[in-house]
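This briefing covers the voids of the structure shown below and one of its helix contacts.

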Amino acid sequence: MSIDDLPIRDDLRGQSPYGAPQLDVAVRLNTNENSYALPDEVTEAIGKALQAELRDLNRYPDRDAVALRTDLADYLGHGLATANLWAANGSNEVQQQLLQTFAGPGRSALGFGPSYSMHPLLAQGTGTRWIAALRDPDFGLTPAAAREQLALHDPDLVFLCSPNNPTGTALDPEVITEVLANARGMVIVDEAYAEFAREGTSSALALIAGHPRLVVTRTMSKAFGFAGGRLGYFAAHPAVVDAVQLVRLPYHLSSLTQAAARAALAQRDALLATVEAIKEQRDRIVVTLRSRGFRVADSDANFVLFEVGGDQKTAWQRLLDRGVLIRDVGLPGWLRVTAGTPSETEAFLEALK
């Protein structure tokens with residue numbers, strides 16, 4: 001028996017689930033994880049926080065995760081309060097909840113590709129019609145181009161990714177303000193990699209106070225090195241938080257997840273200490289590849305997109321044969337590599353020769 005023998009939805013037939021290869025190789029630089037293990041003081045703090053929750057696991061967790069949301073608001077700043085924050089199991093669940101609330105059957109969502117491949121998958125899973133607008137050939141996006149696509153398609157919800165995945169470059173702030181001025185519905189700015197942005201890069205968080213239809217999604221998976229903890233969140237007008245609670249599952253964040261995330265936030269100085277080291281390796285990759293004649297996209301993230309000058313599948317396999325796993329994002333002629341530790345960067349650069 002196979003999936004095709006089951007009465008699944010017609011629009012899911014022939015589809016493949018999202019996922020990157022999880023292979024046992026020496027150097028894994030394909031999923032934009034933080035390559036640095038958590039410091040001992042952080043693991044001890046998280047361990048104590050989890051231990052304190054164990055005796056009460058017979059009780060449901062705080063359904064609204066108020067203490068966690070308060071800590072997240074404190075971390076983000078920008079005048080945000082508990083009522084502006086919402087958290088879930090990774091930014092993917094956050095974005096799914098937003099689609100369930102503001103999109104869904106009979107409505108549409110628009111994104112500018114190439115961008116995060118989960119956005120159209122989340123749209124499909126919620127019965128939302130996906131509109132695939134395109135970036136410029138150099139992967140850029142201008143305010144005029146964005147405005148033109150909005151006028152053409154009139155979507156109910158718009159996804160913007162800044163820094164963009166898989167290209168790595170942050171959006172010009174004028175693009176975001178232009179979209180906010182012309183979009184009829186909700187505007188979601190995915191800032192999963194915001195902590196890695198180059199100096200002077202602005203965040204859409206600064207725009208929330210004046211734009212009630214703006215939502216900025218973030219994650220603790222990348223800069224915090226908390227990918228296994230699965231904690232994503234968004235900042236928006238309190239009315240958006242109230243609306244999303246109409247579709248969230250009861251007790252969707254476990255007591256253990258909330259406790260671990262709060263402990264990690266309390267240790268944020270230690271966790272975020274690796275960000276600058278990762279940015280150094282990212283910039284090292286960009287400079288080295290360009291010196292070798294590769295075309296490389298500017299990056300404000302913890303990864304680099306580069307052109308291989310041929311079939312990316314062949315290049316990907318040759319690197320894998322040398323013990324280095326990077327990401328084929330399906331962009332013809334291009335591959336993406338995560339910036340890891342200095343030794344991982346060295347292994348990648350040597351294998352690429």
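**Pockets, cavities and a helix pair**

The largest pocket has a volume of about 810 Å³. Of its 34 lining residues, those closest to the centre are Tyr18, Thr31, Tyr116, Lys222 and Arg327. This is a predicted model, in which local features need pLDDT of at least 70, side-chain atom pairs count only at pLDDT 80 or more, and totals for chains, interfaces and linings use all residues. Residues are numbered from 1 along each chain as its sequence is written, and side-chain values use heavy atoms, with hydrogens and water left out.

**Largest pocket**
- Its lining divides into 12 nonpolar, 14 polar and 8 charged residues.
- Helix 3 (residues 90-102) supplies the largest share of that lining, 3 residues.

**Largest cavity**
- The structure holds 1 cavity of 30 Å³ or more, and about 50 Å³ of space lies in the largest cavity.
- Among the residues lining the largest cavity are Asn34, Tyr36, Phe224 and Thr274.
- That lining has 8 nonpolar, 3 polar and no charged residues.

**Helix 1 and helix 8**
- Helix 1 (residues 40-54) and helix 8 (residues 255-266) pack at an angle of about 150°, their axes 8 Å apart.
- Helix 1 is therefore roughly antiparallel to helix 8 (angles over 145 degrees count as such).
- The contact (heavy atoms within 4.5 Å) involves residues including Ala45, Ala49 and Glu53 of helix 1 and Ser255, Ala259 and Ala263 of helix 8.
- The residues of this contact comprise 10 nonpolar, 1 polar and 1 charged.

**Terms**
- On a 1 Å grid over the protein atoms alone, a cavity is a set of points where a 1.4 Å probe fits but cannot get out.
- A pocket is an open set with protein on both sides within 12 Å along at least five of seven lines, and lining residues have an atom within 4 Å of a point.

Technical notes. Axes are lines fitted to C-alpha atoms, for helices over the stretch in contact, and angles run from 0 to 180 degrees between N-to-C directions. Helices (H or I, at least four residues) and strands (E, at least two) are DSSP runs, numbered from the N terminus. Angles under 35 degrees count as roughly parallel, over 145 as roughly antiparallel, 65 to 115 as roughly perpendicular and the rest as oblique. Ala, Val, Leu, Ile, Met, Phe, Trp, Tyr, Cys and Pro count as nonpolar, Asp, Glu, Lys and Arg as charged, and the others, Gly among them, as polar. Grid points are joined across faces, edges and corners, and a volume is the space filled by probe spheres set on the points.
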